[in-house]
Amino acid sequence: MAITTVAGTKREPGRPASPYPAGPRRRTSLGRKVRDNLTGHAFLIGAVICFGFFSWYPMIRGVVMSFQRTRRGVTTWVGWDNYDRIIADPSFWTAWKNTFYFTILALVLGYAVPFLVAILLNEFRHAKGYLRILVYLPVMLPPASALFLFKFYAYDPGDAGLFNSVLKALHLPTSQWMQSPEMTMPAMVIASTWMNMGGAVLIYLAALQNIPGELYEAAELDGAGIWRRIRHVTIPQTRLILVLLAMLQIVATMQFFIEPLILANGTGAEDSATSVAYLIYQHGFFQNDLNGAAALGVIMLVVLAGFSAVYVRLSSRQD
Amino acid sequence: MAQDSGTRTLISHAQLRRGRGKVIYWTLLAVVVVGFTLVFLGPLYWMVTGALKSGQEIAQTPPSLFPKDPQSQNYADAWNNLNLAKLLFNTFYYAAGALLFQLVLDTAAAYALSKLRPVFGNVILGLMLATLMIPAMVLIVPQYVTVIDLPILHINLLDSPFAIWLPAVANAFNIFLLKRFFDSIPEELMAAALMDGATPLRTLWSIILPMSRPILGVVSIFAVTAVWKDFLWPKLVMPSPETRTVSVGIYAFSGGTPMNVVVAASVIAAIPTVIVFLIFQRNIMSGLTTGSLKG
């Protein structure tokens, strides 16, 4: 979604000074300046209060909470105890392993596929609108609805399930899907990609439409075939968006939660579905360990921030 | 029929109109249209018709393509047993309120940041944009703790619609979209309004907002669908059966309800967003891509 911002960058106008203190009333008194500023802040105050209560304050509170323990209404500082307890939990490492596995699988499937789909759709002169609507339709479904569809109809481990009937019709081996620890992750990634890829496709399509046609013409005149044109024109021209979307997707998929909750009843066969986000939920709201959950949240924040920093460095170094 | 965009893409028009290129183009188009219909519409068809089948028919192999004896019983059961009318009303109520709060407060904030620019405006904008970097799951626990005992005021917002409406306002992405759009509105218009003696509120109402209909539409759709699709947050802050949203309600019932009824309920829950999408698909598509930033 954040791509909208990238696509519009070129339309960013200059930033002339605010018209209010400018113009014929340049000789403003101090009183007028104060009043203008107060008016400005009056327009801001509602949103600022909401950010304060529900974004900025919780951010600090999360870090503070992770070093405290509340028992019977009494809150004490406990140092790194919460972190020690969370890391000692045998599910901790499993959850991280699962989360990385899910993220990598989702990247393989959910990153390349939308880009290729967008390149393909961009070439079509017909049925464009229809295809775009189709790709985006699943994005509009409530995730819970879509996942119940997958859980009950698509991933039915018997032969009556949608996927197994298709596999059977093609004479391929059927699968136990969510009942099999090996298939749990791929099955969750398939459902997640189906639900979410529409947004990425549309963003890529917009980026592709911004590529100047002359570049392709020039490449063609130089004798470049389709693949070389993709490699030397399409990809470099959309690199910024490719880089940005990869990062956004990784940060989003690392927080996957509703897929294990609905498809795998939380943990899945042999803990094969437990994600870090699910573990936060589990600690905070089932084991009544909000402090431990906050500590796990801080660990997740550090991992994601560290990853983002490395990623930004690597991708900017290539320039 | 033909939608010629007029711009040159990977493969030239000429190449696609001639002999071999033409054949490949039409074959590929047919394959993609059929394939995409199967992949994206197929599961939805399966969902809608599957919920029309009896428990016996859904379990048979091979599955039937059309329900042999379509019965609306599952849909009726879903509607009555899960109290879907109430759940849908709740979700609608939360979505409408979130929309209203965001339109008023986020538009005002974006207007202040873009046009009024009070002191520390950029600092506030920076702090707002910084929240985009914080993963939602990281905040879920401290946000929950905040909502059950709001600092200073000591109010418990559990089961109150404000627990959904107010956090929805803290949406840096929508503020950013709005601000970017307002930035593209020429300053001369603002100066002219000022010359005519218009107050900032009057300028916002009579000049900025009428020009900003496209972006307001996009932000509205984002605001409504975000509430409709959200799951974990409403699950946590709306724990009572009477205040649940539709997704959470279906989940709560999914354990002890026949699966066909759960899927029927899922279909009903998805209908409003699908209708919104089909009506506003042009706005949504352009909002997601470049259109939202055109002046």
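**Close-ups of a two-chain model**

View 1. In the unreviewed UniProt entry, the annotation "transmembrane region" is placed on residues 23-46, 92-113, 120-142, 162-182, 203-228 and 261-280 of chain B; UniProt positions follow the numbering used here, feature names are shortened, and annotations may be inferred rather than shown by experiment. This is a predicted model, where local features need pLDDT of at least 70, side-chain atom pairs count only at pLDDT 80 or more, and totals for chains, interfaces and linings use all residues. Residues are numbered from 1 along each chain as its sequence is written, with chains lettered from A and ligands numbered from 1 in the order in which they are written.

**View 2. Two of those spans in chain B.** Residues 120-142 of chain B come out as 74% helix and 0% strand, with 27 Å between the end C-alpha atoms. For residues 162-182 of chain B it's 90% helix and 0% strand, and the end C-alpha atoms sit 28 Å apart. Helices (H or I, at least four residues) and strands (E, at least two) are DSSP runs, numbered from the N terminus.

**View 3. Where chain A meets chain B.** Chain A puts 95 residues into the contact and chain B puts in 99, counting two residues as in contact if their C-beta atoms, placed from the backbone, lie within 7 Å. On the side of chain A that touches chain B, helix α2 (residues 30-66) of chain A gives the most, with 21 residues.

**View 4. The two domains of chain A.** Chain A splits into domain 1 (31-66) and domain 2 (84-317), with bounds from an automatic or database domain assignment. Their centres, taken over C-alpha atoms, are 35 Å apart. Four residues of domain 1 of chain A touch six residues of domain 2 of chain A.
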